[in-house]
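I wanted a record of what I looked up in this model, entry by entry. The structure goes in here before the notes.

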Amino acid sequence: MARKIILDVDTGTDDAVAVMLAALHPALDLVGCTTVNGNIRVESCTDNTLRVLDHIGRSSIPVYEGLTRPIARVDFPIPRGEKDHSGKYHPDTLPIPPPTSRKQDAGAIEFLIEMFRAATEEIVLVPVGPLTNIATALLLDPKFAKRVPEIVIMGGGHELGNVTPSAEFNVWADPEAAAMVFAAGFEKITLVPLDATHRALITQAQCEELEALGTSAGQAAAAFIGHRIVVHDTHQRQDVPHSTPVHDALAVGAVIDPSLIVTRKLHVAVETDGPLTVGRTVIDTHFRGGKAPNAEVAFDADASRFFDLLLRTFAAKA
Ligand code: RIB
Ligand code: CA
């Protein structure tokens with residue numbers, strides 16, 4: 001039976017690939033997407049999520065719009081769409097037709113709380129944007145952490161930052177929310193940080209294979225990943241020439257096939273104060289803090305099996 005999953009997204013390019021993977025892979029049943037302010041404004045995230053689902057023939061998957069700003073910080077930038085978090089050009093809208101379907105009337109937090117309250121089967125929660133919606137659900141429903149059997153988060157970094165030398169964007173963009181999530185007592189947290197996503201790079205040649213599939217999903221994935229490669233080649237060149245991480249899709253891949261990532265059980269906390277380190281995931285790799293591990297943290301990933309997963313999933317006709 002397919003595993004139920006909810007994706008919490010700030011849909012830009014890698015979220016879009018994650019949405020397609022979750023919506024199209026037969027081992028998953030994507031019961032809904034929630035959107036959150038992140039790389040771009042939440043309204044644009046919602047529009048992009050709807051257009052991706054329409055484009056691949058999955059308009060029946062509901063989309064719920066979430067919060068417009070971080071839970072605590074008034075001084076953090078509210079994105080306006082012209083630039084991504086590295087300060088590079090980042091268009092608001094994905095290069096596929098506008099949506100014909102509409103977001104749900106209910107909001108993301110209401111949906112999350114009600115879905116997990118009423119669930120009779122396990123639902124995996126997969127946040128791949130700032131953790132604002134999830135922290136707010138924790139605030140409003142004191143039992144929320146206990147109701148979620150597994151949460152797989154794309155965010156953070158041990159060796160690597162991408163928005164500052166210390167911090168990864170999703171955690172940095174709402175550090176108080178992320179700190180709450182790691183301290184909430186979830187039964188099972190899997191963290192897919194930059195350390196793992198940068199081990200699963202997709203190359204330009206692989207993009208061409210996706211394009212050659214001739215399916216809506218294959219061609220859209222090629223366009224989204226191709227755009228990422230151009231941005232990374234220009235501003236954040238990877239060790240593998242003409243390649244890019246597709247962060248959020250790896251988190252979904254790890255739900256489909258946990259052996260795609262290599263994890264260690266460690267304690268993770270989030271820095272919310274340090275002027276140089278705000279938004280850093282402090283991962284206690286050498287057990288110096290004396291706190292019990294609270295997350296399975298991925299440090300490696302199988303790049304070629306990850307690509308095969310994308311290729312096989314996007315080859316299927318919608
Ligand atoms: O740092 C990577 C994360 O930030 C991904 O979720 C990506 O979508 C970007 O917003
Ligand atoms: Ca994202």
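**Conventions.** I worked on a predicted model, where local features need pLDDT of at least 70, side-chain atom pairs count only at pLDDT 80 or more, and totals for chains, interfaces and linings use all residues. Residues are numbered from 1 along each chain as its sequence is written, chains are lettered from A and ligands numbered from 1 in the order in which they are written, and side-chain values use heavy atoms, with hydrogens and water left out. Helices (H or I, at least four residues) and strands (E, at least two) are DSSP runs, numbered from the N terminus.

**Sheet.** I traced an open sheet of eight strands in the order S3-S2-S1-S4-S5-S6-S12-S9, with mixed pairing; two strands pair if DSSP finds at least two bridges between them. S3 and strand S9 (261–266) stand at the edges with a single partner strand each, so one side of each has no neighbour in the sheet. Direction ignored, neighbouring strands are turned by 25° against each other on average. For angles, axes are lines fitted to C-alpha atoms, for helices over the stretch in contact, and values run from 0 to 180 degrees between N-to-C directions.

Thr-35 stands opposite Glu-65 in S3.

I then checked S6 (residues 189–192). S5 and S6 pair in the parallel sense over four bridges, and Ile-153 has Leu-191 of S6 as its bridge partner. S6 and strand S12 (residues 295–301) also pair in the parallel sense, over two bridges, with Glu-296 of S12 as the bridge partner of Thr-190.

**Helices.** Eleven of the 14 residues of H2 (residues 42–55) are buried, so H2 is largely enclosed by the rest of the structure. Its cover includes strand S1 (3–9), helix H1 (13–24), strand S2 (28–35), strand S3 (63–65) and helix H10 (216–235). Just after H2, Gly-57 takes a positive phi of about 75°.

For H11 (residues 247–256), I found ten of the ten residues buried, so this helix too is largely enclosed by the rest of the structure.

H3 (residues 108–118) and H4 (residues 132–140) pack at an angle of about 60°, with their axes 9 Å apart. That makes H3 oblique to H4; angles under 35 degrees count as roughly parallel, over 145 as roughly antiparallel, 65 to 115 as roughly perpendicular and the rest as oblique. Residues making the contact (heavy atoms within 4.5 Å) include Leu-112 and Ile-113 of H3 and Ile-134 and Leu-140 of H4.

**Loop residues.** I looked up Ser-166 in the loop between strand S5 (150–154) and helix H6 (169–172). Ser-166 counts as buried because its relative accessibility is 12%. Leaving out residues up to four places away in sequence, Ser-166 touches Gly-161, Leu-276, Thr-277 and Arg-280.

Asn-162 is found in the loop between S5 and H6 and, at 16% relative accessibility, counts as buried. Asn-162 and Pro-149 are 13 residues apart in sequence and 30 Å apart in space, C-alpha to C-alpha.

Definitions and conventions
Buried < 20%, exposed > 50% of the residue type's maximum accessible area, 1.4 Å probe, protein only. Expected span 1.5 Å × (residues − 1).
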